[in-house]
Amino acid sequence: MAETPKQNCYLLDTSVILDDPLNILRLNDNNENAVVITDIVLAELNNKKDDMRGDAGFRAREFFRSSDNEQGQTIKFSDLPECIKKSCTINEKECKDKYYRMSVNFPDAVLQENQVGHGIPLYIIYRESYKISKNYHHEYGLNDAKIGEIASDYGLTLLTNDISFKIASEVQGISTQSLRDSSVERPDEIEFAHSFVYKGEEPELDDLEKHMNFEQMSFIQESGDASQIYETGIQKYALVHNQHLEWCDFDRRFGEFYDDNLVRPINLEQKFYFSMLTHPQNYITAVSGATGSGKTLIALQAGLEMLKEGIIEGIIYSRNTVTANDQQSELGFRKGDEGQKLGYFMYPLYSAINYTIEHMKKHSIDSQVEYTGNINSMKQETATETFMVNNNIEVMDIAHLRGTTISKKFVIIDEAQNMTAATLKLIGTRMGDGTRMVVMGDPNQIDHPFLSKRRNALVALLKKAKSENFIAGIQLRHTIRSEIANWFDKNF
């Protein structure tokens, strides 16, 4: 007879829930484990939920929104999961603790994805008087000490993302673990491009199943002469889709089949990027790249091509309008109407548009007349505005994206490294039928006080693209920038 797997009992610190309320679902593992919090954690979450500006406040509210009090009830010690009762080191008869079992309900799609068809039970331990309070003399950390006391008395594994709390608990012999599912430890190492050497006429891959959709493949032909190995100079390129190679003839795609009015991609990364954005089966693209890599410029060209082909009806550009440590840079503090306020933040788009206009001037007399009129008197600003009107390009504040449904548009989300995953989720759920979305940014340029290079919406989406076929991902590592910009990027 097979041995029944041991049930684990986890006591969660507040930091684990503030990291992501879905951690409760993951830890429960389809009722294989028991998940416990204390009244201290519940109180700390309650204090956090009124923070309307921070990520922690949003996650605290998400926790309470998911908590179903109608299915909650007080329970006795005997009603606790077996793993808690077996590991408990205190005398049940002398124990004055009280217990509550509640249900945490997540969206149906999340539950089905995790093969769970009902709410997740969460056990709460209430203790009116903590022993540690009588002889605790430090100014800070009393709540952590109380949580540690429960973990010790009940023999629970303490989960915390607070390194100081973790160390203090381990010193006392409490079993501890950390959980950082929403943190991406090495975002620069997330790779979607692969190179292979092949011999013969056609390259072949036997392990396509391990690759996600829209990963980029470069095949370099090697001489078949065993006595002299060298590269022949022949290279072939492909995108992975549905576990097959879709061959990319970039010479034709960006040669005779490319609109001369559009700016051509100038390197291999940009060619893959453009091809992915315009692929019929691609709706979400995550792209990481520094200033000068062509993120916005190539996205604009892809949007203009899809607009001409009738695939979309317009282009929307939205950029995070809040920067860290500079309250005056928030949209509401700027002078002028909404368009003027947004203008401060939309320079990457305007730069890409102006570059496109200058390119058009070189290729078409008609474009000079349409977009600039008298080239010596027409202001560049007017030409930009005319271009945006003619091509149905809008700029929108992130907050306005949340309150509408956007259909059949190409949506460009810029500066996503300064956005929380929760904010990106709010925006993504507003996308309607026929809409395509590109989320871009540079993880090395974090301005948000609550975020880091390892924890932000952009790297979270890049991580998803490595494991899910629905999202395309690409890293633009080739940049064309000044020596000054390169020095600061590498040395600060």
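In which helix is Asn 28 found? Asn 28 lies in helix H2 (residues 23–28); helices (H or I, at least four residues) and strands (E, at least two) are DSSP runs, numbered from the N terminus. The model is predicted: local features need pLDDT of at least 70, side-chain atom pairs count only at pLDDT 80 or more, and totals for chains, interfaces and linings use all residues. Residues are numbered from 1 along each chain as its sequence is written, and side-chain values use heavy atoms, with hydrogens and water left out.

Asn 28 has 1% relative accessibility and therefore counts as buried (under 20% relative accessible area, with a 1.4 Å probe and protein chains only). Beyond its neighbours within four places in sequence, Asn 28 is in contact (heavy atoms within 4.5 Å) with Asn 33, Val 35, Ile 120 and Pro 121.

Strand S2 (residues 34–38) is largely enclosed by the rest of the structure, because five of its five residues are buried. Ala 34, Val 36 and Thr 38 cover one side, and Val 35 and Ile 37 the other. S2 runs parallel to strand S1 (residues 9–12), to which three bridges join it; pairing requires that DSSP finds at least two bridges between two strands. S2 also pairs with strand S5 (residues 120–126) in the parallel sense over three bridges. Val 36 is the bridge partner of Leu 11, and Tyr 123 in S5 is the bridge partner of Val 36.

One disulfide (a pair of cysteine sulfur atoms within 2.5 Å) is found in the whole structure. Cys 9 and Cys 83 form a disulfide with their sulfur atoms 1.5 Å apart. Cys 9 belongs to strand S1 and Cys 83 to helix H5 (residues 82–87), 74 residues apart.

Note on methods:
Buried < 20%, exposed > 50% of the residue type's maximum accessible area, 1.4 Å probe, protein only.
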